[in-house]
Amino acid sequence: MAYDVIVIGSGPGGYVAAIRAAQLGFKTAIVERESLGGICLNWGCIPTKALLKSAQVFEYISHSQDYGITVGEAKADFEKIIKRSRGVADKMSKGIQFLMKKNKIEVLMGFGKLTGKKEVEVKAADGKTATHQAKHIIVATGGRSRQLPNLPIDGKKIIGYREAMSLPTQPKSMIVVGSGAIGVEFAYFYHSIGTKVTIVEFMPRIVPVEDEDISKELEKSYKKKGITVMTNSSVERVDTSGNGVKAYVKTANGEEVLEADILLSAVGVSTNIENIGLEDLKIATDKGRVTVDKMYKTNVDGVYAIGDIVMGQALAHVAMKEAVICVEAIAHKEGKHHHNPEPLDYGNVPGCTYCVPEIASVGLTEKQAKEAGYEIKVGKFPFSASGKASAAGANEGFVKVIFDAKYGEWLGTHMIGANVTEIIAQTVASRKLETTWQEQLDTIFPHPTMSEAVKDAIEVALGEAIHL
Ligand SMILES: Cc1cc2nc3c(=O)[nH]c(=O)nc-3n(C[C@H](O)[C@H](O)[C@H](O)COP(=O)(O)OP(=O)(O)OC[C@H]3O[C@@H](n4cnc5c(N)ncnc54)[C@H](O)[C@@H]3O)c2cc1C
């Protein structure tokens, strides 16, 4: 065998799998058709956060008077904001190039396809093909914008997330279809820099996977900012024959016609599982995802799949964790690694949305906990009562904790407010360690911090609130 491990796709699933494999002594290669780092570094997590930072800086400057600082009129330079975001993405992709070199991982640029159980064909951009053998092949080909039949992405007037972060000029108005993390992040970004934004959501509330209280708070905040939010609404058809886009929206009260320069379709992701040899090898798939066991083995010996193409939350940290588990399980079986990894607990995966106010959550929502038959204790602590939030001028939002009333098990945390994405890890680690509320209250939290609001929320749940 030329290699011990070949990974197809270099997103957070693929590059992490390759590095862990190399660290554990496997001769490793990685195949990439476009840019090292995948969607996450090039067209997802990182460039969007760069855009959101620019929007936030602009908002801060626009409200500088609130902090006692007078500055001249601020102007958002769209071209420069996009350029900065692309620069950050390029730098991160180069970082992955460095890590591949450092770990002596062979980078094979081109389109990878399984041509045998232990064989990958790589077709380079110039059409040249080469075939490589490996004992283990890990498929991590990720996803792309999902297309709805009535919203075909043309890249100009009906766009997906890639175009939304690389437009040549700032649209004056935008319709955002879908209010998951991607939709609400772009809605915040474009609104903040002066685009008139309308969100159209099919479900009765925005960020529909979150706890209902979070959806209500975000909707209140967005409406206050001036973003139009239409829930229980769906775009039935679009007309792009004029200067902009006309969207015919079915609402609870009949049809409404929206007009805007551009429409962003943010209705989720489809998986890249076509034309990569899965059918020929009879690798099982289900509803567009590759079927794998708890260690990411497919039904074909020596072939594994991780990341967005398998069941589970389509998130970068999920892909990275799956990568480590998959490789360590292979290494353990071959006697190369002492640790036999545990399966990932998909019920303890944090979800973060980086709009303003930020959202972070893990575990069961209040509704899910009740539906699961738990008798619960719920505590909610508003940031309006937090000293740190007041000092920062960031009083919006709250922390909500949900505990099982019988045994004190921490069932879930749902937060909305400034920097909450930085404090959710505490709940994740505590839940992993099967903490109880009493152990949390026996823990000391630094003051003043946003994180102490978690302790305050637990006190509220127990009827022992000190700061409310
Ligand atoms: C706008 C946006 C924002 C996001 N923000 C966040 C966030 O803040 N936090 C978070 O956790 N997640 C976020 N995500 C999701 C995150 O990007 C994905 O979950 C993550 O990238 C999945 O990693 P992956 O390794 O499975 O695949 P990907 O990152 O999609 O990488 C797959 C790679 O495989 C390559 N490839 C595909 N087919 C082939 C082939 N046949 N041969 C060779 N190469 C191939 C692709 O070119 C790509 O580079 C965001 C996604 C989007 C779209």
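**Note on the sheets, cores and helix packing of a predicted model**

1. S93 touches S35, L36, L41 and N42, not counting residues up to four places away in sequence, where contact means heavy atoms within 4.5 Å. The place of S93 is in helix α4, and helices (H or I, at least four residues) and strands (E, at least two) are DSSP runs, numbered from the N terminus. At 12% relative accessibility S93 counts as buried, the term being used for under 20% relative accessible area, with exposed for over 50% and partly exposed in between (1.4 Å probe, protein chains only).

2. Some points on the basis of these values. This is a predicted model, in which local features need pLDDT of at least 70 and side-chain atom pairs count only at pLDDT 80 or more, while totals for chains, interfaces and linings use all residues. Residues are numbered from 1 along each chain as its sequence is written, and side-chain values use heavy atoms, with hydrogens and water left out.

3. An open sheet is formed by 5 strands in the order β20-β21-β24-β23-β22, with antiparallel pairing; two strands pair if DSSP finds at least two bridges between them. Because β20 (351-353) and β22 (376-382) stand at the edges, each with a single partner strand, one side of each is left without a neighbour in the sheet. From one strand to the next, the twist averages 10 degrees.

4. Within this sheet, β22 is joined by 7 bridges to strand β23 (residues 398-404), and the two run antiparallel; V378 stands opposite I402 in β23. Helix α7 (residues 212-225) packs on the sheet, touching β21 (358-363), β22, β23 and β24 (410-417), and its direction makes about 0 degrees with that of β24. Axes are lines fitted to C-alpha atoms, for helices over the stretch in contact, and angles run from 0 to 180 degrees between N-to-C directions. Helix α13 (residues 452-461) also packs on the sheet, where it touches β22, β23 and β24, its direction making about 135 degrees with that of β22.

5. Another open sheet has 5 strands in the order β8-β15-β9-β10-β11, and here the pairing is parallel. The edges are held by β8 (158-159) and β11 (228-230), each with a single partner strand, so one side of each has no neighbour in the sheet. Strand β9 (residues 173-177) pairs with strand β15 (residues 262-265) in the parallel sense over 4 bridges, and the bridge partner of I175 in β15 is L263. Helix α6 (residues 181-192) lies across β9, β10 (196-200) and β15, running at about 165 degrees to β10.

6. The largest nonpolar core has 40 residues, and those with the most contacts inside it are F189, Y190, I199, L218 and Y222; such a core is a set of buried Ala, Val, Leu, Ile, Met, Phe, Trp, Tyr and Cys residues joined through side-chain atoms within 4.5 Å. Its largest share, 6 residues, comes from α6. Y190 touches F78, A164, L167, Q170, P171, M174, T195 and V197, not counting residues up to four places away in sequence. A second, separate core of 35 residues includes V16, L41, I325 and A329.

7. The axes of helix α1 (residues 12-23) and helix α8 (residues 316-333) come within 8 Å and cross at roughly 30 degrees. That makes α1 roughly parallel to α8, since angles under 35 degrees count as roughly parallel, over 145 as roughly antiparallel, 65 to 115 as roughly perpendicular and the rest as oblique. Residues making the contact include Y15, V16 and R20 of α1 and M320, V324 and V327 of α8.
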